[in-house]
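This briefing goes through a predicted model. Please keep the sequence and the structure in view while reading.

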Amino acid sequence: ATVRVDGHYAPEWRFFQHRLGRNHWVTVARGPSRDIQDVVGEFSASFTRPSPSFSAESWQRELQYESAAFDELSVARLVPNDSVTEYAVIAGCEPALV
């Protein structure tokens, strides 16, 4: 897929779609970090390699890499190990099933 920003083709962006289950899709956008609106600056500060550090050729290679597949996880799989028993009580299931 391609995108236009303010009516102009934006070739530095690439989009990937992934199916999640039978009825859901997620779209991942990959684009230059300079296009990010981050008023506080907290998100941008977390970048280990902002896109301006890439040469034009390197950035085009980055855009061509496939987007990694998603791993679907149940909410239970996100529960920290030390909270599994408490979660199982609340969810009404056996801790071994969490």
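Phe54 and Trp59 are both buried. The structure holds three aromatic pairs, and these two residues form one of them: with ring centres 5.4 Å apart and planes at 70°, the pair is edge-to-face. Trp59 also belongs to the buried residues of helix α2 and is in contact with Ser51.

**Aromatic pairs**

- A pair of aromatic rings is described by the distance of the centres and the angle of the planes.
- Another of the three aromatic pairs is made by Phe43 and Phe47, whose ring centres are 5.0 Å apart with 85° between the planes, an edge-to-face arrangement.
- Phe47 has a relative accessibility of 25% and therefore counts as partly exposed.

**Helix α2**

- Helix α2 spans residues 56-64, and its buried residues are Ser58, Trp59 and Leu63.
- These residues lie on the same side of α2, because they cover an arc of only 145° around the axis.
- The other side of α2 carries the exposed residues Glu57 and Gln64.
- Strands β3 and β4 are what the buried residues of α2 pack against.

**Strands β3 and β4**

- Strand β3 covers residues 14-20 and strand β4 covers residues 24-30; the two pair in the antiparallel sense over seven bridges.
- Arg19 has Trp25 in β4 as its bridge partner.
- Phe16 has Val28 of β4 opposite.
- Three residues lie between the strands of this hairpin, in which Gly21 takes a positive phi near 70°.

**Thr27**

- Thr27 is a residue of strand β4, and its relative accessible area of 46% makes Thr27 partly exposed.
- Leaving out residues up to four places away in sequence, Thr27 touches Phe15, Phe16 and Gln17.
- With Gln17 there is also a polar contact, side chain to side chain, at 3.2 Å.
- From Thr27 to Asp82 the separation is 55 residues in sequence and 34 Å in space, taken from C-alpha to C-alpha.

**Ser51**

- Where does Ser51 lie? Ser51 is in the loop between α1 and α2.
- Is Ser51 buried or exposed? Ser51 has a relative accessible area of 9% and is therefore buried, the limit for that class being under 20%.
- The Ser51 side chain reaches the backbone nitrogen of Ser33 at 2.7 Å.
- Neighbours within four places in sequence aside, the contacts of Ser51 are Pro32, Ser33, Arg34 and Trp59.

**Salt bridges**

- How many salt bridges are there? The count comes to two.
- Glu66 counts as exposed because its relative accessibility is 60%, with the limit for exposed residues set at over 50%.

**Asp6**

- Asp6 is placed in the loop between β1 (4-5) and β2 (8-9).
- The phi of Asp6 is near 50°, a positive value in a residue other than glycine.
- With a relative accessibility of 73%, Asp6 counts as exposed.

Notes
Residues are numbered from 1 along each chain as its sequence is written. This is a predicted model: local features need pLDDT of at least 70, side-chain atom pairs count only at pLDDT 80 or more; totals for chains, interfaces and linings use all residues. Side-chain values use heavy atoms; hydrogens and water are left out. Helices (H or I, at least four residues) and strands (E, at least two) are DSSP runs, numbered from the N terminus. Buried means under 20% relative accessible area, exposed over 50%, partly exposed in between (1.4 Å probe, protein chains only). Two strands pair if DSSP finds at least two bridges between them. The arc is that of the directions from the helix axis to the C-beta atoms. Contact means heavy atoms within 4.5 Å. A salt bridge is a side-chain nitrogen of Lys or Arg within 4 Å of a carboxyl oxygen of Asp or Glu. A polar contact is a pair of N or O atoms within 3.5 Å; within protein, one must be able to donate a hydrogen and the other to accept it, and residues adjacent in sequence count only if both atoms are side-chain atoms. Rings of Phe, Tyr and Trp (its six-membered ring) pair if their centres lie within 6.5 Å; planes under 30 degrees apart count as stacked, over 60 as edge-to-face and the rest as tilted.
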